[in-house]
Amino acid sequence: MDWGTELWDQYDIIEKHTQSGLELVEKYVKFVKERTEIEQNYAKQLRNLSKKYSLKRISKDEPECRLSSYQSFLDILNETNDYAGQRELIAENMMMSICIDLTKYLQELKQERKTYLMEAKKAQQSLESTYKQLDSSKKRFEREWREAERAAQYAEKTDQDINATKADVEKAKQQAHMRAHVAEECKNDYAAQLQKYNKEQNQFYFNDMPLIFNKLQDLDEKRVRKLAQGYILFSDTEKHVMPIIGKCLEGITKAGTNVNERNDSMVVIEQNKSGFERPGDVEFEDYSQGINRASSDSSLGTPKGPMELLGKNRSKNFWLFSKKSKLSPSTLPPFSTPPAPSPANGPPSPKFGRDPLSYCLKEINKTVKPRISSFRTLRRSPTVTEDFGHLPPEQRRKRLQQKLEEICKELQKEVDQSEALGKMKDVYEKNPQMGDPASLASQISQTSHNIERLKGELNKYEAWLAEAGGRGDTLRYKTHSFNNNGAHDVHSPDGAHSDESTPDPSQAIYAEFDDDFEDEELTAPIGKCTAMYNFPGASEGTISMQEGEVLAVVEEDKGDGWTRVRRNNGDEGYIPTSYVTIALNK
């Protein structure tokens, strides 16, 4: 079934239907455009949201960067940003594959439909023109035939009139014959026009219009197929990026599962452990017995616990949990000594008044409270010093160790550069056409100066680390330097010159500092430990371990939070004491 056969007389319906189909395509294109705008706005808002909460660029030294919860939040922000990119991709693909393509196809359909309608209009105009000619010849034939009938009747009437002359009769007959002849010609012309019209009408209704209607049907079916493809693309465009969106969502889920509250607690402990001992009990001083506080070994004038480490803050009030005194600091001298009691028979001191015991209790209250160390005081940071003396002992050791690692890396870089300059100088001396050796003198001198400066800093920080009671990691670096002649000089780690030479000038010479493993490789284990958490062992001197792994304890924790262990294969290193459960041999 086709339109040309079944809808041969429904030209207006077909025209209206095809027009509504094109309008549907336009409507769908507008719909997809608005959808792409929504996707783009959504992606833009997601990017702005991700950017808003990730504006703070935290360096690796910041405490938060090591927390799994913070890292997971950063991962979520990154995945959200990637998710926004996929929404933008959806909008872009929809615009390209649906909107632009359908808009172009729609223009072609409109032009093609216009052509078919013009052909139908021309065929209809041709048929109407033929019909007008037919109608005109028909009316002429009718008019001429009536005239011929009247002429024949007049000739017959004249012939029967006895008063009419022969000439009148003959004239009437000739007129009637002429009219009859003209009527016959009009009849023939009408018959010819009728035959022509019927032929054109048959061509119009059985050939021309059905062909045009079938073309319009094909056009409409192509439009419907194309629109259906656009409907499918609306879904497929998003389906194609769903795997990537799924990965983004899986990344967010993984970020949530990567949060380890226990490890975060351990990180907080590791980063903020001060190393101070808890303050000891404040002893009672019996003023009623006349004990001199200033000379007493257990007097309150001798600070206990962290007070000995915070000598600079002795004149300040230390309140547990940051509770402030109701009295001003000027009224609470922490190390004031009450006046000595008067002789036995003399008058009592005016400060004691009538109740010496109440005075003693008040003095004890005054002298004890200001000296109770508070957590807030331990966190107050005085002026930052180069030796990190403003930090608590544990944090100071960690910062000094970090500084030593940075210096060693920088020193190794300078040594490598010095070695490269020496080799370049040797090449220039052997092949002068390649360059002037003297042009490298300033660079070699500057590199040598940098090496000496870094060695000095290295020794200085090592001394500070030893003073802080830290365990020095093994620090190795190449110690090649070059004299003005390009020859290799070998220096010991402390900067002293060594006359020893090696057969291969490019061979690396290493110096070691405070290697804890060299002399104790055969130390008998003193117990065993089981890992409660995974530990990567990324720092030099440490050893990695997996949760549940059993290791031999070689050396107990010396108060710095690290325990030395050994594997069955002989690998040794330090691990965080809080990451394992230890069972020592009895």
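1. In what order do the 5 strands of the open sheet stand? The order is β7-β6-β5-β4-β8, and the pairing is antiparallel. Strands here are DSSP E runs of at least two residues, helices are H or I runs of at least four, and both are numbered from the N terminus. Two strands count as paired if DSSP finds at least two bridges between them.

2. On provenance: this is a predicted model, in which local features need pLDDT of at least 70 and side-chain atom pairs count only at pLDDT 80 or more, while totals for chains, interfaces and linings use all residues. Residues are numbered from 1 along each chain as its sequence is written, and side-chain values use heavy atoms, with hydrogens and water left out.

3. Axes are lines fitted to C-alpha atoms, for helices over the stretch in contact; angles run from 0 to 180 degrees between N-to-C directions.

4. Strand β4 (residues 527-531) runs antiparallel to β5, with 4 bridges joining them. C529 has L551 in β5 as its bridge partner.

5. Next, β5 and β6. Strand β5 (residues 550-555) is antiparallel to β6 and joined to it by 3 bridges. V553 pairs with V565 in β6. The hairpin has 6 residues between these strands, and G559 takes a positive phi near 100° there.

6. Strand β6 (residues 562-566) is mostly covered, with 4 of its 5 residues buried. Buried means under 20% relative accessible area, exposed over 50%, and partly exposed in between (1.4 Å probe, protein chains only).

7. On its way to strand β7 (residues 572-576), β6 is again antiparallel, with 5 bridges. R564 stands opposite Y574 in β7. This hairpin has 5 residues between the strands, and G570 takes a positive phi near 100°.

8. Now the helices. The axes of α3 and α4 come within 6 Å and cross at roughly 175°. The two are therefore roughly antiparallel; the classes are under 35 degrees for roughly parallel, over 145 for roughly antiparallel, 65 to 115 for roughly perpendicular, and oblique for the rest. Their contact has 47 nonpolar, 17 polar and 27 charged residues. Ala, Val, Leu, Ile, Met, Phe, Trp, Tyr, Cys and Pro count as nonpolar, Asp, Glu, Lys and Arg as charged, and the others, Gly among them, as polar.

9. The largest nonpolar core has 41 residues, of which Y28, V32, I98, M209, F213 and L216 touch the most other members. α2 (11-53), α3 (68-160) and α4 (166-257) each supply at least two residues. α3 gives the most, with 17. A core is a set of buried Ala, Val, Leu, Ile, Met, Phe, Trp, Tyr and Cys residues joined through side-chain atoms within 4.5 Å.

10. I98 touches Y28, V32, N93, T103, G230, L233 and F234, leaving aside residues up to four places away in sequence. Contact means heavy atoms within 4.5 Å. A second, separate core of 14 residues includes L404, C408, V415 and L465.

11. D101 lies in helix α3. D101 touches M96 and K226, not counting residues up to four places away in sequence. D101 and K226 are 125 residues apart in sequence, yet 9.7 Å apart in space, C-alpha to C-alpha.
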